[in-house]
Amino acid sequence: MNTIVAIASAPGMGAIALIRVSGEDAVRIVGRIVLRTSPGSGVRGPGSEERSPGSREKGPGSEVQGPESGERGPQSPVPSPLSPLPPWRVQFSYIVDGDRVLDEVLLTYFKAPRSYTGEDLIEISCHGSEYIQQEILHLLIRNGARMASPGEFTQRAFLNGKLDLSQAEAVSDLIASSSKASHQLAMDQMRGGFSGEINDLRSRLLDLVSLVELELDFAEEDVEFADRSQLSGIVEEISEKVDSLTRSFHLGNVLKNGVPVAIVGETNVGKSTLLNALLKEDRAIVSEIPGTTRDTIEDTIQIEGILFRFIDTAGLRHTEDSIETIGIERSYQQMEKARVIILVTDPTAPEEESLEWVKAVTKRIRDDQSLIVVVNKGDLVEGPGSGVRGPQSRVQSPQSDVRGPGSDSRLILSAKDGVGLVELEEVLLNFVTLRSFEDHDVIVTNARHYDALVRVQESVVRVRGGLETGLSGDFLSQDIREILHFLGEITGEISTDEILGNIFGKFCIGK
Amino acid sequence: MNKDYDVIVVGAGHAGCEAAASAANLGSRVLLITMDMNKIAQMSCNPAMGGIAKGQIVREIDALGGYSGLVTDRSMLQFRMLNKSKGPAMWSPRAQCDRTIFSLNWRERLEKTPNLDFWQDTVKEIIVENDKVIGVKTKLGIIIKSKTVILTNGTFLNGLMHIGKVQIKGGRASEPGVSGLSQQLFGLGFTTGRMKTGTPPRLDGRSIDFEKLQEQKGDEDVVPFSYLNESVDMKKGLSCYIAHTSQEVHDILKTGFDDSPMFDGTIKSVGPRYCPSIESKLITFADKTQHQLFAEPEGWDTVEYYLNGFSSSLAWEVQLEALRKIVGFEKVIAFRPGYAIEYDYFDPMQLYHSMETKLVKNLYFAGQINGTTGYEEAGAQGIIAGINAHLKINEKEEFVLNRDQAYIGVLIDDLVTKGVDEPYRMFTSRAEYRILLRQDNADERLSALSNNLGLAGDDRMKILDYKTGKKGKLVEYFAKRSVKPQEINDSLSTWGTSPIKQTIKLKDIIARPQVKLRSLVPVLEDLEILLSDIEIRESEIVEAAEIEMKYHGYIEREKAMAEKITRLEELKIPEWINYHELKSLTYEAREKLSKVKPSNIAQASRIPGVSPADVNVLLIKLGR
């Protein structure tokens with residue numbers, strides 16, 4: 001396979017950037033563009049391992065800091081063949097393009113197969129300027145490397161047996177994870193938590209299929225066959241497990257992509273102000289004119305490591321303005337996508353009006369959604385003694401405030417002054433953490449796994465139906481095998497030998 | 001005997017006989033070498049053919065043009081269709097046979113087969129030149145040349161029998177084993193191993209009190225194994241008898257454990273888990289206070305009984321003492337003791353699907369030498385080896401059955417892909433597509449394939465064509481015929497199924513589990529006329545049509561699954577691929593793939609130790 005190169009650090013300018021080169025020619029290609037001694041010292045090549053007196057280079061493995069300036073070495077430095085480049089050590093080097101010294105860098109050589117990709121891999125830490133990054137990249141490409149396509153490093157890691165399929169998938173999730181929770185999920189996945197769950201499911205299935213097969217292949221044997229209620233019991237167990245796993249996908253997805261929170265309310269109750277306060281920046285256009293927000297605006301914040309995706313919506317009101325009507329419709333649509341809905345009300349508005357909206361919104365809340373009613377503009381209500389009681393007094397401790405799906409909590413805050421925001425964040429957090437994590441030890445995040453599990457579910461339904469109608473075991477087994485097949489798509493194959501082994505281990509066969 | 005043959009078959013057991021017959025019937029000049037012309041196709045163990053999954057194999061061998069089904073039909077003394085209460089894929093014919101007639105009938109058929117010679121001798125050596133077998137050398141010192149050699153040595157290679165502390169060299173009770181050949185093959189680079197199997201004592205029926213045993217009769221309705229036979233000429237069948245061990249019996253057996261070769265380390269090789277000796281059962285299932293035994297008759301004109309379930313290698317005195325504590329066997333006299341036998345087998349992963357060895361060209365292995373057990377499994381390998389030896393000589397493409405085509409395909413693919421770690425017996429659960437692999441349709445699955453090779457005869461095809469034609473007519477009738485509620489509702493309620501509200505197609509009625517095709521006949525006059533048009537094999541045809549219609553949904557689903565896999569079967573892996581260079585494969589996968597050399601991606605995916613990730617690597621390597 002040819003040698004690939006890519007910038008591994010995030011795009012844009014940072015103090016340092018990382019360029020990765022992987023493939024069998026990595027050492028040779030990098031060797032052509034680096035000089036491991038001072039360009040002026042004249043010591044180069046393999047011999048540079050030996051520290052030459054006068055060279056300012058430090059020995060291998062030292063926390064290298066190179067010469068203070070990169071502007072030196074006009075005496076036509078010749079690139080050194082980098083062999084032997086000691087693996088797994090940080091090396092100070094110069095990147096040179098012909099006579100020109102491009103940058104001072106740190107090289108780390110991961111020798112195959114003990115590298116991320118399983119191939120020879122070199123990481124070049126260069127200075128973070130976009131120009132330097134691009135120049136080095138082009139230099140490497142001119143010397144025989146090829147630009148990596150997206151995910152190619154991980155693909156090679158997979159192909160070289162460094163990662164299994166679900167681990168490889170987890171790596172991409174890990175890279176993309178933008179919050180503590182999604183990071184946690186990806187890490188769990190990578191460590192095989194999901195496989196453990198699937199294996200547990202498989203062993204239950206194996207029991208089931210063994211019992212079914214027993215009466216097929218060993219009908220003549222003197223063994224006790226499982227009755228149908230026993231089989232049904234196992235199917236129920238399996239069914240629950242699969243249901244729980246498939247359900248967790250929605251949650252997993254939510255955690256991966258952020259918990260969608262819709263902020264709804266009448267026009268001009270300060271939804272956008274609330275959003276801005278949460279985001280701590282002026283994201284939405286805020287004005288005194290009702291109906292300023294005509295488009296839904298999305299942004300994300302992290303609270304305690306959980307990502308929330310906020311959806312600000314146009315105000316809810318009856319209007320003749322056609323644009324506004326579309327906006328309201330869209331608000332309702334956005335609400336449907338959300339898991340948590342924050343309904344903002346205005347304490348200064350007529351009470352009946354607020355109640356009307358609360359009712360209207362509550363009607364649209366699904367079982368799997370949660371509603372938080374926020375009384376905004378606490379600052380406009382009279383004195384601390386009367387209207388605005390501290391949020392603490394109205395909002396009980398978040399723990400007790402969090403109830404099952406469809407429940408709501410209510411709190412008073414002032415988005416403008418930032419009063420009560422911390423409490424709102426706490427409530428939000430608890431909606432997610434308590435309701436989600438405790439139900440599921442393992443959360444399915446991968447669409448491929450989810451698809452397989454849905455297929456499993458379909459087959460489970462057929463097995464259950466078959467048991468109810470007294471279907472013969474050979475037909476039941478067709479569906480059970482299908483389940484095993486789909487689970488196999490997630491983890492690995494099951495062979496019939498396993499079934500037979502299970503039977504021989506548990507029943508006395510051999511008349 | 002001549003000095004030059006196309007095919008030499010070594011061994012005249014079930015594998016050897018089918019191999020010799022198929023190669024000879026295809027037109028090859030065949031020599032069958034056996035130690036003892038009087039022991040052709042011996043039933044060394046159980047005097048029965050068929051059973052669950054095995055019955056299907058016999059039907060398949062027959063559909064291909066083999067003799068096992070015909071011989072069974074001629075020699076059976078009891079017939080049962082097992083698993084009749086299950087779905088049709090599970091129906092499995094089984095016959096108790098007269099051991100002597102079985103053997104004689106085989107010999108008679110082989111003697112009538114053209115191009116087939118016999119030679120009574122022992123092959124000591126195969127002659128190999130340039131990695132290719134060119135003949136054999138016998139104990140009598142005779143060298144016989146041949147283009148191909150099929151080894152079917154059974155348990156005779158370095159066979160060692162155990163009865164308690166007593167050890168006897170040999171291949172079967174009172175028959176010598178073969179030494180030398182294994183060592184030669186080992187020297188040629190073949191991986192060999194030892195396996196163990198056992199057989200129970202044979203009892204004198206005159207000493208059994210049958211009154212105290214539970215009688216197990218055969219079916220009234222006897223279904224022939226061979227598609228060529230419409231019925232079986234069998235007078236009233238014989239019965240088997242069920243007996244039970246007891247705690248007392250177990251206690252006596254345990255007194256022999258100290259001297260048992262199974263437990264004192266003498267026998268190191270692996271026996272089959274599904275056919276354990278009685279002593280193994282006592283150890284593995286210590287909490288069971290009794291085990292079921294079957295006394296099976298050995299023939300019409302003999303008092304000998306085979307005691308199924310009592311396989312043992314304990315000292316004879318212990319066996320007999322324990323037997324006499326069994327109700328019904330109080331005064332039992334035996335003809336011979338049970339014993340265990342250890343023998344050499346060769347790792348079948350060294351074979352191609354054609355049964356040809358990868359190491360020596362034109363050399364084929366079939367039967368127990370490959371680590372299998374069972375007459376049916378042996379015969380299946382034999383017929384495939386015989387066919388392929390003939391095809392090889394004639395430079396034709398090899399004949400391989402897929403897993404969705406036959407149990408024989410499952411058997412051979414399992415052997416060459418997964419190898420064996422205990423004597424391999426077929427089970428229906430080994431087949432992914434067992435709803436397709438039924439005993440009623442082996443002819444439809446296989447006969448045309450074999451006819452194309454020139455093995456299954458035109459007489460067979462004529463019967464098959466008639467059957468499929470009439471079956472097609474029936475299926476078509478059910479698909480087109482509409483029934484009105486008033487026509488059928490009375491009957492439907494009698495059969496315990498809900499009435500129909502509007503006119504529907506008959507095929508939707510037959511799909512109901514409560515509705516039998518036969519019971520529709522008195523209701524529908526045109527159906528009766530249609531059936532009366534079937535002149536031969538009416539019951540066979542009606543059954544086939546009914547199965548096809550009733551289980552249509554399941555059959556179609558399985559076909560769809562099989563097609564998916566077939567696509568992977570079509571992704572061939574070139575022979576030159578060097579797995580050791582594919583560093584992306586796990587080390588284990590590289591080893592296994594190099595050993596098995598799978599011919600396609602589907603086979604590769606079935607190799608234990610080759611993970612789905614490894615398969616992906618192969619797919620990428622092959623540019624998919």
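**Entry 1. Strand β5 of chain B**

I began with a bridge in chain B: Met49(B) has Ala95(B) of β5(B) as its bridge partner. The model I am reading is a predicted one. I then traced the pairing to which this bridge belongs, and found that β3(B), residues 48-50, runs antiparallel to β5(B) over three bridges. Within β5(B), Cys97(B) is the bridge partner of Met76(B).

I next asked how far β5(B) is covered. Strand β5(B) spans residues 92-97, and six of its six residues are buried, so the strand is largely enclosed by the rest of the structure.

**Entry 2. Two hairpins in chain B**

I followed the strands from residue 123 of chain B onward. Strand β7(B), residues 123-129, and strand β8(B), residues 132-138, are antiparallel and share six bridges. Opposite Val123(B) I found Thr138(B) of β8(B). These two strands form a hairpin with two residues between them, and Asn130(B) in the turn shows a positive phi of about 50 degrees.

Strand β8(B) also pairs with β9(B), residues 143-151, in the antiparallel sense, over three bridges. Here I recorded Ile143(B) of β9(B) as the bridge partner of Lys137(B). Four residues lie between the strands of this hairpin, and Gly141(B) has a positive phi near 85 degrees.

**Entry 3. The largest nonpolar core**

I looked up which residues touch the most other members of the largest nonpolar core, which has 198 residues: they are Ile8(B), Val9(B), Ala20(B), Val30(B), Ile150(B), Ala295(B) and Tyr407(B). The element that gives the most to this core is helix α6(A), residues 193-217, with nine residues. I then listed the contacts of Ala295(B), leaving out residues up to four places away in sequence; among them are Leu203(B), Ile208(B), Leu213(B), Cys240(B) and Tyr305(B).

**Entry 4. Helices α2 and α11 of chain B**

I examined the packing of α2(B), residues 54-63, on α11(B), residues 442-453: the angle is about 35 degrees and the axes are 8 Å apart. The crossing of α2(B) and α11(B) is right-handed. On the side of α2(B) the contact is made by Gln56(B), Arg59(B), Glu60(B) and Ala63(B), and on the side of α11(B) by Ala442(B), Asp443(B), Arg445(B), Leu446(B) and Ser447(B). I sorted the residues of this contact into three nonpolar, two polar and four charged.

**Entry 5. Chain A**

I counted 17 helices and 13 strands in chain A. Of its 511 residues, 45% are buried. Among contacts in chain A with a separation of 6 or more, 68% join residues 24 or more positions apart.

I then turned to α1(A), residues 26-33, and found this helix mostly covered, with six of its eight residues buried. The buried residues of α1(A) are Ala26(A), Val27(A), Ile29(A), Val30(A), Gly31(A) and Ile33(A). Their cover includes β2, β3, β4, β5, β6 and α2 of chain A.

Last, I located Val419(A) in the loop between β13 and α14 of chain A. I recorded Val419(A) as partly exposed because it has 17 C-beta neighbours inside 10 Å. From Pro113(A), Val419(A) is 306 residues apart in sequence and 56 Å apart in space, C-alpha to C-alpha.

Definitions and conventions:
Residues are numbered from 1 along each chain as its sequence is written. Chains are lettered from A and ligands numbered from 1 in the order in which they are written. This is a predicted model: local features need pLDDT of at least 70, side-chain atom pairs count only at pLDDT 80 or more; totals for chains, interfaces and linings use all residues. Two strands pair if DSSP finds at least two bridges between them. A nonpolar core is a set of buried Ala, Val, Leu, Ile, Met, Phe, Trp, Tyr and Cys residues joined through C-beta atoms within 7 Å. A residue is buried if 20 or more other C-beta atoms lie within 10 Å of its own, exposed if 12 or fewer, and partly exposed in between; C-beta atoms are placed from the backbone. Two residues are in contact if their C-beta atoms, placed from the backbone, lie within 7 Å. Axes are lines fitted to C-alpha atoms, for helices over the stretch in contact, and angles run from 0 to 180 degrees between N-to-C directions. A crossing is left-handed if the near helix is turned anticlockwise from the far one by less than a right angle, and right-handed if clockwise. Ala, Val, Leu, Ile, Met, Phe, Trp, Tyr, Cys and Pro count as nonpolar, Asp, Glu, Lys and Arg as charged, and the others, Gly among them, as polar.
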